[in-house]
Amino acid sequence: MANHSLDQQIDQAERIGVVGSPSSTSELALDILASAVNRKLVGEFALFRFQQDGKSHYALGQITEIRLRNVWHEDPTMRSLIRQRGRVDAVSERQDTHQGEMVVSAVFCRDGNTYRPSILGTVPATGTPVYRVDDPILEALLAPYQRQLFYLGRVYGSTPKLPLWFKHFDSGPDGAGEAYHLGIFGKTGSGKSVLAKMILLAYARYPQMALLVLDPQGEFAKDLRGEPTGEFRLPMKQILNRLGKPFQVVGVRDLVLDRWELFARILYESPFFEQLSIPTGENRERACKTLADRLERQRVRLADLYKREAFQAAWTLLGKESVQNVIYPSREARERFQSMHQSADANEFYTRYWLPVASLFREDRQGAQKVDALLYQLFKREGGNRPLVVIDLSEERAKTEGLDPSSLPLFRSANAPAESSAIFWTETVQALVIKRILEGILRAAESAYRESRSLNTLVLMDEAHRLAPREDPDDSEKKEVRDLLIDAVRTTRKYGVGWMFISQTLSSLHRGIVDQLRIFFFGFGLGMGQEFRALSELVGGRSRALDLYQLFRDPHSAFDAASREYSFMTTGPVSPLSFAGTPLFFNAFNRVEEFLEANGWADIHPS
């Protein structure tokens with residue numbers, strides 16, 4: 001019955017051409033019918049039926065190019081006439097031939113009442129009808145897999161929805177059996193962040209899968225807080241609630257740091273020692289390390305650093321000659337430091353420079369969690385639906401979420417500015433926190449591997465080009481983050497941890513990460529210079545695919561928001577219509593209602 005339905009749908013579909021010559025198993029020439037020459041065909045999905053090994057086969061692919069040829073117009077004599085008259089009625093237009101190029105991306109073999117993947121092992125005869133694919137054909141062909149399918153948009157420049165599948169990283173009927181790494185690339189405004197959110201929701205359908213978002217800009221956190229930005233207001237909270245997926249946004253103030261070496265390095269970045277006449281360099285490194293070591297030896301807890309008595313212990317240590325001797329070898333420098341220390345206002349140093357750093361390690365805040373505890377809750381397999389956790393590492397959130405002064409059981413300087421309760425936060429501190437999280441992920445993954453269990457987790461990393469640049473960063477902390485991230489991508493896949501990287505550039509992301517990616521999405525903005533060369537290497541030099549990619553328009557060149565097209569080229573095992581990694585092209589939905597309806601959430605109303 002299913003076979004009959006598919007053949008019926010094909011017979012009712014629009015015939016746009018026939019297989020022409022020359023054709024090969026990798027690329028077929030299409031002779032376009034006169035009835036279809038005025039249609040937009042570039043990007044369209046097409047299908048033809050053929051016999052192979054005595055069985056019915058169905059081949060699908062996208063049309064990548066249309067060429068016009070008129071042999072009479074190529075004759076020198078005719079060209080002379082055309083130059084004078086503009087056209088020759090007997091041959092102009094009437095003798096035109098239109099030929100298309102079709103790249104086959106998937107072949108299905110009829111096997112009883114189902115279809116199984118196959119290959120194009122022969123070239124069908126010339127004259128074989130080629131049909132335009134529509135939604136009913138795809139639904140009939142992929143009926144057994146309908147529950148697994150997910151839709152991000154429509155076939156490039158056409159109306160059928162492009163079926164994709166995002167499988168969880170464990171075994172089972174909906175599982176891929178291994179973790180994948182994904183990459184989304186495109187210029188600012190190309191739609192990559194919205195696409196990433198939609199993909200995140202595709203994975204959120206699986207109760208057994210955990211999701212972690214490291215959000216340096218705070219964009220994903222805003223969506224989950226119910227503060228969506230931009231024109232595409234994706235109702236992530238409502239969808240996650242519908243799926244029964246627990247979710248949590250962890251801000252900078254909710255995250256408790258728990259390493260003395262982190263305290264020393266963050267204190268180094270802060271203006272604390274700069275105000276005591278110790279500029280950046282070896283002396284400042286020694287001062288931070290010595291102070292952290294001595295405080296730890298005195299059994300001061302990291303969690304208590306924010307207290308007045310902990311600061312007093314640190315201030316007293318800095319006034320001791322034995323500590324000053326470690327910081328400064330020369331007597332003159334020690335005397336200068338001693339003079340600054342003695343004349344400094346301890347109250348101001350406590351509220352203005354010490355407290356913003358110490359607050360990062362404070363445990364008694366409402367909802368505060370240590371990194372290891374947070375990751376344990378994320379990775380544990382017991383219980384029901386595993387969570388989606390977004391860690392908001394944005395500077396905006398760090399600066400605006402001030403601590404409630406009444407919650408501080410200690411005295412503050414009367415002259416301390418209002419922002420003295422704000423935590424100390426810079427790009428370098430952000431990198432150090434990300435490094436701590438990455439270390440925790442690696443340890444958890446290794447532990448799970450020893451227990452022979454898959455973590456089945458996707459980690460999304462926004463602004464990946466900043467955290468893992470191809471060139472060596474000037475900052476040692478950022479270089480450590482990059483190296484750790486490269487190591488994590490190389491080693492965690494076998495533990496069931498996949499990574500999704502979002503980046504504005506392709507060429508500036510470290511090659512050690514790019515080489516590990518399995519699924520790619522390329523948006524607008526990679527069609528020139530170094531970016532295009534990097535793209536060509538990844539796509540394998542498929543010139544027709546790259547020619548089609550270069551037709552992508554800047555979404556913001558549209559007359560209005562409703563007519564914007566967010567076009568993407570994707571490669572990898574992301575669709576049942578691409579077995580061999582052949583690039584597929586689609587326009588992402590530009591209306592939230594379309595996305596919701598396509599994926600069975602039509603009754604959810606975006607705010």
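Which residues do ring pairs link into a cluster? Ring pairs join W260, F263, F272, F273, F311, W315, F349, Y350, Y353, W354 and F361. Rings of Phe, Tyr and Trp, the last by its six-membered ring, pair if their centres lie within 6.5 Å; planes under 30 degrees apart count as stacked, over 60 as edge-to-face and the rest as tilted.

Colleagues, this is a predicted model, in which local features need pLDDT of at least 70 and side-chain atom pairs count only at pLDDT 80 or more, while totals for chains, interfaces and linings use all residues. Residues are numbered from 1 along each chain as its sequence is written, and side-chain values use heavy atoms, with hydrogens and water left out.

I begin with confidence. pLDDT is the predictor's confidence in each residue, from 0 to 100. The chain has a mean pLDDT of 88, and 95% of its residues reach 70 or more. Over residues 402-420, however, pLDDT stays under 50.

I return to the aromatic rings. By the rule stated, the count comes to 31 aromatic pairs. In one of them, Y145 and W165 have ring centres 6.0 Å apart and planes at 90°, so this pair is edge-to-face. Y145 lies in the loop between α3 (135-141) and β8, and W165 in strand β9, so the pair ties together parts 20 residues apart in sequence. Helices (H or I, at least four residues) and strands (E, at least two) are DSSP runs, numbered from the N terminus. W165 counts as buried at 17% relative accessibility, whereas Y145, at 25%, is partly exposed. Buried means under 20% relative accessible area, exposed over 50%, and partly exposed in between, with a 1.4 Å probe and protein chains only.

F311 and Y350 form a tilted pair, 5.3 Å centre to centre with 50° between the planes. F311 lies in helix α9 (residues 308-318) and Y350 in helix α12 (residues 346-358), so this pair ties together parts 39 residues apart in sequence. F311 is buried at 0% relative accessibility, and Y350 is likewise buried, at 0%.

Let us turn to the strands. Two strands pair if DSSP finds at least two bridges between them. Strand β8 (residues 149-155), with six of its seven residues buried, pairs with β9 (residues 161-165) in the antiparallel sense over four bridges. R154 has K161 as its bridge partner in β9. The two strands form a hairpin with five residues between them, and G157 in the turn has a positive phi of about 70°. Three bridges also join β8 to the antiparallel strand β20 (residues 584-588), where A588 stands opposite G153.

Conventions: Contact means heavy atoms within 4.5 Å.
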